[in-house]
Amino acid sequence: MLNNIAVFVSGGGSNLGALIDAISSGIIKNAHIKLVVASKQGIFALKRAENAAIESAVYEKSKYESNSQMFEEIIKVLKEKEIDLIVLAGYLNILTPNIVQAFSGRIINIHPSLIPSYCGDGFYGMRVHEAAIADGAKISGATVHFVDEGTDTGEIIMQKEVAIQEGDTAETLQKRVLEVEHKLLPLAVDYILNRRDK
Ligand code: GRF
């Protein structure tokens, strides 16, 4: 049976690209990206969706009275499209409880550190890597986890470490962590859809 995935994005979408490639090469089996949900117009992730002929939709917070109302709209569309799994791949809005509850156990996120280090409120994008470098940490990495109502607090699915090298900057570390993310996220999606005891 084909599982319908919705990928939520806010930026370049390199993880979306990794998922598209992993589905076409068979690393992720029985899956189809049915929708890309973007938090703003003009991001490269939308171009990637278009190039792969995947439907996309943009939901901007400023157009709604509340975040919860925006997610109510998104839930409706996800249900119409019979989405089985939501993958947050660089999505910068915090999910409100209505969507977390509507898709309980069926939302995953990729975070660019080894949770529980460098995660939670304020730890997003380059800030995660800047904090690891500032601390003189020797190891960082990437984590795929389930999403619950907290920020980066849900059950961990997979992690992979990345050594921090002498002379690393936040930028060089981010680059190496992203390379690991692009392998880890497809493996985690395939695990959830096809290998985990259901
Ligand atoms: C990744 O580092 C991901 O872990 C984080 O946001 C970044 C998204 O990058 N949540 P991209 O848009 O997939 O290139």
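A pocket is here an open set of grid points, on a 1 Å grid over the protein atoms alone, with protein on both sides within 12 Å along at least five of seven lines, and a molecule sits in such a pocket if more than half of its atoms lie within 2 Å of its grid points. The model is a predicted one, and in this model the space taken by the ligand is the largest pocket.

**The pocket**
- The volume of the largest pocket is about 870 Å³, and among the 37 residues of its lining, those closest to the centre are Gly90, Tyr91, Leu92, Tyr124 and Gly125.
- Two or more residues of this lining come from each of the elements helix 1, strand 5 and helix 6.
- Sorted by class, the lining of the largest pocket consists of 19 polar, 12 nonpolar and six charged residues.

**The shell around the ligand**
- The residues that surround the ligand are Gly12, Gly13, Ser14 and Asn15, together with Gly90, Ile110, His111, Pro112, Leu178 and Glu181.
- At least two residues of this shell are supplied by each of helix 1 (14-24), strand 5 (107-111) and helix 6 (170-195).
- The shell around the ligand is made up of six polar residues, three nonpolar ones and one charged residue.

- One oxygen atom of the ligand is found 2.8 Å from a polar backbone atom of Asn15, while a nitrogen atom of the ligand is 3.0 Å from a polar backbone atom of Ile110.
- Glu181 contributes a polar side-chain atom, which lies 2.6 Å from an oxygen atom of the ligand.
- On its own the ligand has 370 Å² of accessible area, and the protein covers 82% of this.

**Backbone features in the loops**
- Most residues other than glycine have a negative phi, and most peptide bonds are trans.
- Asn30, although not a glycine, has a positive phi of about 55°, and Asn30 is placed in the loop between helix 1 and strand 2 (31-38).
- The peptide bond that joins Ile115 and Pro116 is cis, with an omega of about 20°, and Pro116 belongs to the loop between strand 5 and helix 5 (126-135).

Key
Residues numbered from 1 in each chain as written. Predicted model: local features only at pLDDT ≥ 70, side-chain atom pairs only at ≥ 80, totals over all residues. Heavy atoms only, no water. Near = heavy atom within 4 Å. Polar contact = N/O pair within 3.5 Å; in protein donor to acceptor, adjacent residues only side chain to side chain. Areas by Shrake-Rupley, 256 points an atom, 1.4 Å probe, with all protein chains shown as cover. 1 Å grid on protein atoms, 1.4 Å probe; cavity = no way out; pocket = protein on both sides within 12 Å on 5 of 7 lines; lining within 4 Å. Helix = DSSP H or I, 4+ residues; strand = E, 2+ residues; numbered from the N terminus. Nonpolar A, V, L, I, M, F, W, Y, C, P; charged D, E, K, R; others polar. Points joined across faces, edges and corners; volume = space filled by probe spheres on them.
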